[in-house]
Amino acid sequence: MYDFYSDTKTKPSLEMRKTVLDCPVGDEQKSEDPTTTELCERTAKLLGKESAVFLPSGTMCNEISIKVHTQPGEEIIGEYNSHIINFETGGPSALSGVMIRAIHGDNGTFESDQVVEAFRPASRYAPKSSLLCVEQTANMSGGAIWPLEKMEEVATTAHELGLKTHMDGARLMNAVVKTGISAAQYSNYFDSVWIDFTKGLGAPIGAVLAGSKEFIDNAWRIKQQWGGAMRQSGIAAAMCIYALDNNIDRLAEDHSLAEIIGQQITKFKRVKTVLPVDTNIIIFDLDSSAPSAADIVKELAKKNILIGAFGERRIRIVTHLDVNPSAGEILIKELAKYLDN
Ligand SMILES: Cc1ncc(COP(=O)(O)O)c(C=O)c1O
């Protein structure tokens with residue numbers, strides 16, 4: 001099976017699994033799990049923040065952050081294609097009672113004047129704008145990287161308007177490896193930020209949310225309230241520590257494979273557009289002469305190749321540590337049968 005559907009499909013390697021055998025554990029709810037504490041301290045340092053908390057998923061990092069930063073009846077601002085708006089089952093409204101104002105960005109990023117436009121000046125009638133969210137890298141915009149200066153501009157504008165800022169850093173480390181800009185530099189402009197260990201980093205469970213000590217104290221209260229507090233979570237945290245030590249630099253391999261696949265797809269006759277391939281995600285649109293995205297996905301699945309259809313004519317392919325260049329060649333050969341004839 002060549003699974004290019006998502007970098008969430010990675011399976012923990014044997015070496016990663018072995019770290020579980022002798023990791024020290026304790027009661028995480030009481031801050032007595034040494035392995036989880038180590039993971040949180042290391043991630044807080046990596047992100048240049050005072051404190052951090054271990055959570056089961058990236059979705060919980062986003063939703064807890066929204067809960068801490070907002071009050072019911074307020075409004076958050078995010079990009080139209082973002083995970084928070086499209087893939088969290090309306091969590092912001094269900095869990096925090098907030099509305100969302102979507103900015104139509106350019107490939108996942110937007111300008112500071114769009115933040116000003118989306119912001120609602122104080123009014124007796126309007127919801128109060130309270131939080132700006134950005135996604136680094138922008139998943140459904142082809143893993144696009146927010147340039148540092150642009151991030152600084154939008155976050156500074158948001159702070160000047162009195163908003164809090166939050167970064168969904170599910171794939172922040174992809175941006176770090178690609179640009180050489182540190183995770184702390186990117187995170188500097190944000191009141192909360194998290195990274196996911198279950199994507200390109202290859203761990204089976206876990207994300208770490210970071211911010212000021214006060215923010216994390218508040219996040220802990222919501223984690224406890226929502227049943228996210230754990231017991232001997234070192235079992236999962238040990239594999240995340242392994243990912244920090246072993247799986248960051250190698251993201252460069254995923255980026256070069258994605259670039260090669262993207263270049264080949266650009267040459268196919270029945271492909272209309274390929275979004276710029278900044279990191280490990282390739283998104284492209286089929287022209288009207290091609291079979292539908294769903295049909296292509298179905299045909300490739302018969303050959304044990306998994307890719308994703310997002311809409312009638314849009315396909316997403318993601319590279320990660322469980323697919324290699326020869327799998328990439330097989331993928332291209334099979335795709336060519338439908339798109340380059
Ligand atoms: C950009 C982005 N944010 C958040 C998430 C949610 O992460 P998790 O699957 O760990 O809940 C994902 C997952 O695919 C994602 O791509």
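These are my notebook entries on what I looked up in this predicted model.

**Ground rules**

I count residues from 1 along each chain, as its sequence is written. Since the model is predicted, local features need pLDDT of at least 70 and side-chain atom pairs count only at pLDDT 80 or more, while totals for chains, interfaces and linings use all residues.

**Domains**

I started with the domain assignment, which gives domain 1 (12–246) and domain 2 (250–339). The bounds come from an automatic or database domain assignment. I find the C-alpha centres of domain 1 and domain 2 28 Å apart. The contact uses 16 residues of domain 1 and 15 residues of domain 2, where contact means C-beta atoms, placed from the backbone, within 7 Å. On the side of domain 1 that touches domain 2, I note 5 nonpolar, 9 polar and 2 charged residues. For these classes, Ala, Val, Leu, Ile, Met, Phe, Trp, Tyr, Cys and Pro are nonpolar, Asp, Glu, Lys and Arg are charged, and the others, Gly among them, are polar.

**The sheet**

In what order do the strands of the open sheet come? I read β2-β8-β7-β6-β5-β3-β4, 7 strands with mixed pairing. Strands (E, at least two residues) and helices (H or I, at least four) are DSSP runs, numbered from the N terminus; two strands pair if DSSP finds at least two bridges between them. β2 (51–55) and β4 (99–103) are the edge strands, each with a single partner, so one side of each has no neighbour in the sheet. From one strand to the next the twist averages 20°. Angles here run from 0 to 180 degrees between N-to-C directions, and axes are lines fitted to C-alpha atoms, for helices over the stretch in contact.

Helix α7 (residues 148–160) packs on this sheet and touches β5 (128–135) and β6 (164–169). The direction of α7 makes about 165° with that of β5.

**Strand β8**

Next I followed β8 (residues 207–211), which runs antiparallel to β2 and is joined to it by 5 bridges. Phe-54 has Val-208 in β8 as its bridge partner, and Ser-51 stands opposite Gly-211. β7 is also joined to β8 by 5 bridges, again antiparallel, with Asp-196 opposite Ala-207.

Is β8 mostly covered or mostly open? It is mostly covered, as 5 of its 5 residues are buried. Buried means 20 or more other C-beta atoms within 10 Å of the residue's own, exposed means 12 or fewer, and partly exposed is in between, with C-beta atoms placed from the backbone. Ala-207, Leu-209 and Gly-211 are on one side of β8, and Val-208 and Ala-210 are on the other.

**Helix α8**

I then looked at α8 (residues 172–179), where 6 of the 8 residues are buried, so the helix is largely enclosed by the rest of the structure. The buried ones are Leu-172, Met-173, Asn-174, Ala-175, Val-176 and Val-177. Their cover includes β6, α9 (183–187), β7 (192–196) and α12 (251–267). After α8 comes Gly-180, with a positive phi near 80°.

**Helices α2 and α11**

α2 (residues 34–46) packs against α11 (residues 234–246) at about 40°, with the axes 8 Å apart. I note a left-handed crossing, meaning that the near helix is turned anticlockwise from the far one by less than a right angle. From α2, Pro-34, Thr-35, Thr-36, Glu-38, Leu-39 and Arg-42 meet Gly-234, Ala-237, Ala-238, Cys-240, Ile-241 and Leu-244 of α11. By class, this contact has 7 nonpolar, 3 polar and 2 charged residues.

Most residues other than glycine have a negative phi, and most peptide bonds are trans. I wrote down the exceptions below.

- Ser-31 has a positive phi of about 60° and lies in the loop between α1 (14–18) and α2. Ser-31 is exposed because it has 12 other C-beta atoms within 10 Å.
- Asn-107 has a positive phi near 55° and lies in the loop between β4 and α6 (112–118). Asn-107 has 19 C-beta neighbours inside 10 Å, so it counts as partly exposed.
- Gln-136 to Thr-137 is a cis peptide bond, with omega near -10°. Thr-137 is in the loop between β5 and α7.

**Ser-82**

Why does Ser-82 count as buried? Because it has 24 C-beta neighbours inside 10 Å. Ser-82 lies in the loop between β3 (74–79) and α4 (83–86). Leaving out residues up to four places away in sequence, Ser-82 touches Cys-133 and Glu-135. Ser-82 and Ala-102 are 20 residues apart in sequence, with 9.0 Å from C-alpha to C-alpha.

Key:
Contact = placed C-beta atoms within 7 Å.
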